[in-house]
Amino acid sequence: MKYIDHSTRSIIILIPVLALCKVIFFTFFTFRKMQALMNRLAGISEVLLIFALLVVLMSFSFATDFSCLAEFDRQSFKGISDNTNMSSWKRLFDYFYLSVVTFTSLGYGDIVPLSIPAKLLVMMEVGLSFLLVIFGLSNIKLIQHKISNTIQ
């Protein structure tokens, strides 16, 4: 991050746009891969493992988006220390915490998005988490149904 000009305002708009592209790509990619798993009658444990890895990947991905946005606009989030001596790992952990809390729709309120790009990122993560949870639950039921039909 030290090699990038942080005074560039277009980056603040570019981060949510790229995050939206990521969300669209991962959503369609995930749906296709889960469909392929179901077609080859993968076990429930395999589907749950892949689903869990996807949730962690998406949470970490949004955490890095939040972190990048905050590097360019320090006023994007309230509740993250603005201390310049703070370790970048500690700051990334705080954004990972925000991402997990957002993904699970808990929303404790200790870290709050303030800028429009930050709010857009949070809305994208909430929408994606809703789609993934609904898709995941419906596929688990479908896989159970296919397995029970194969056994009979």
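Beyond its neighbours within four places in sequence, Tyr95 touches Ala63, Phe66, Ser67, Ala70, Phe77 and Ile80; contact means heavy atoms within 4.5 Å. The model is predicted: local features need pLDDT of at least 70, side-chain atom pairs count only at pLDDT 80 or more, and totals for chains, interfaces and linings use all residues. Residues are numbered from 1 along each chain as its sequence is written, and side-chain values use heavy atoms, without hydrogens and water.

The largest nonpolar core has 25 residues. Such a core is a set of buried Ala, Val, Leu, Ile, Met, Phe, Trp, Tyr and Cys residues joined through side-chain atoms within 4.5 Å. Phe66, Phe77 and Tyr95 have the most contacts inside this core. H1, H2 (44–72), H3 (88–103) and H4 each give two or more residues to the core. H2 gives the most, with nine. Helices are DSSP runs (H or I, at least four residues) and strands likewise (E, at least two), numbered from the N terminus.

## Asp65

Asp65 lies in helix H2. Its relative accessibility is 14%, so Asp65 counts as buried (buried is under 20%, exposed over 50%, partly exposed in between; 1.4 Å probe, protein chains only). Leaving aside neighbours within four places in sequence, Asp65 contacts Ile15, Ala19, Lys22 and Leu121.

## Confidence

Mean pLDDT (the predictor's confidence in each residue, from 0 to 100) is 81 for the protein chain, and 80% of its residues reach 70 or more. Among the chain's elements, helix H4 (residues 116–151) has the lowest mean, 79. Strand E2 (residues 112–113) has the highest, 92.
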